[in-house]
Amino acid sequence: MKRRFPIYTVCCGKPLIMDILWTPWRFAYVSTAESGLRPGIPAALAGFAGDLGCVFCNLIAAIDFAIANGMSLEEAEAAGGLIRRGKNCFVCLNAFPYTSGHVMVMPYAHLDRLAALPPETAHELIDTAQLTEKALQSLYHPHGLNFGMNLGQSAGAGVAGHLHLHALPRWTGDTSFITTVAETRVLPEDLPTTWKRMRKVFEELAG
Ligand SMILES: [Zn+2]
């Protein structure tokens, strides 16, 4: 059976109604998310002892804690996959990407609905999404891009409490062959490499 891979209908591993989503590499995320005591905190940033109960809030808090306690900003943000900080929103790597260049744009505020965002934050979210589109286009020259957010668990959100916009480059045929026959995906880049490249292009585009 041919499996299609409708990215725009999934979030963090949960398929909606259209096609079969086959993402075995996501198992690590689901397992970690369910069993991890402090989700969102990479080992390098484990000095942060708190738990805010949210992957994304934990991530930012752990990065800030590391910087406040002597780690360089570059090292801490690299460890957390944090690509860009804006005033109200940030961009970070998806630690379990569907494709190389899979990033997320989100507000710092722990809010679960687009309509709940203050206007300034909502506008910045779209501004940052535009910047992200330019960055992905410039770096990866994809055939297309998926930008999407799933609001609520029933809509497929894996982290339902903290709104996030997935952004990822797509290529014709990127879901076929290897994914179908070998049940795996080929990611030509590791995450530290993606972080370095994305960081640089964001700096060039945004200053
Ligand atoms: Zn949060």
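User: What stands opposite C92 in β3?
Analyst: M104 does; C92 and M104 face each other across the strands. This is a predicted model: local features need pLDDT of at least 70, side-chain atom pairs count only at pLDDT 80 or more, and totals for chains, interfaces and linings use all residues. Residues are numbered from 1 along each chain as its sequence is written.

User: What makes strands β2 and β3 a pair?
Analyst: Two strands pair if DSSP finds at least two bridges between them. β2 (residues 89-93) and β3 (residues 103-107) have five bridges, in the antiparallel sense. Strands here are DSSP runs of E, at least two residues; helices are runs of H or I, at least four; both are numbered from the N terminus.

User: Why do β1 and β4 stand at the edges of the sheet?
Analyst: The open sheet has five strands in the order β1-β2-β3-β5-β4, paired antiparallel. β1 (82-85) and β4 (144-148) each have a single partner strand, so one side of each lacks a neighbour in the sheet. From one strand to the next, the twist averages 20°.

User: How do you know which residues I83 is in contact with?
Analyst: Contact requires C-beta atoms, placed from the backbone, within 7 Å. Leaving aside neighbours within four places in sequence, I83 meets this with V91, C92, L93, V103, W195, M198, R199 and F202.

User: Why are A76, E77, A78, A79 and G80 of helix α3 called buried?
Analyst: A buried residue has 20 or more other C-beta atoms within 10 Å of its own; 12 or fewer means exposed, and in between is partly exposed. These five residues of α3 (residues 73-80) are classed as buried, so each has 20 or more such atoms. The buried residues of α3 pack against α2 (55-68), β1, β2 and α6.

User: What makes the largest set of 39 residues a nonpolar core?
Analyst: A nonpolar core joins buried Ala, Val, Leu, Ile, Met, Phe, Trp, Tyr and Cys residues through C-beta atoms within 7 Å. Within this core, I83 and C92 touch the most other members. α2 contributes the most, seven residues.

User: Why does this core lie between domain 1 and domain 2?
Analyst: Both domain 1 (7-36 + 81-206) and domain 2 (39-79) give residues to this core, so it lies between them. The domain bounds come from an automatic or database domain assignment.

User: What is the mean pLDDT of the protein?
Analyst: The mean is 82, and 75% of residues reach 70 or more. pLDDT is the predictor's confidence in each residue, from 0 to 100. Residues 1-11 fall below 50. Residues 27-35 are also below 50.

Terms used: Axes fitted to C-alpha atoms, helices over the stretch in contact; angles between N-to-C directions. Contact = placed C-beta atoms within 7 Å.
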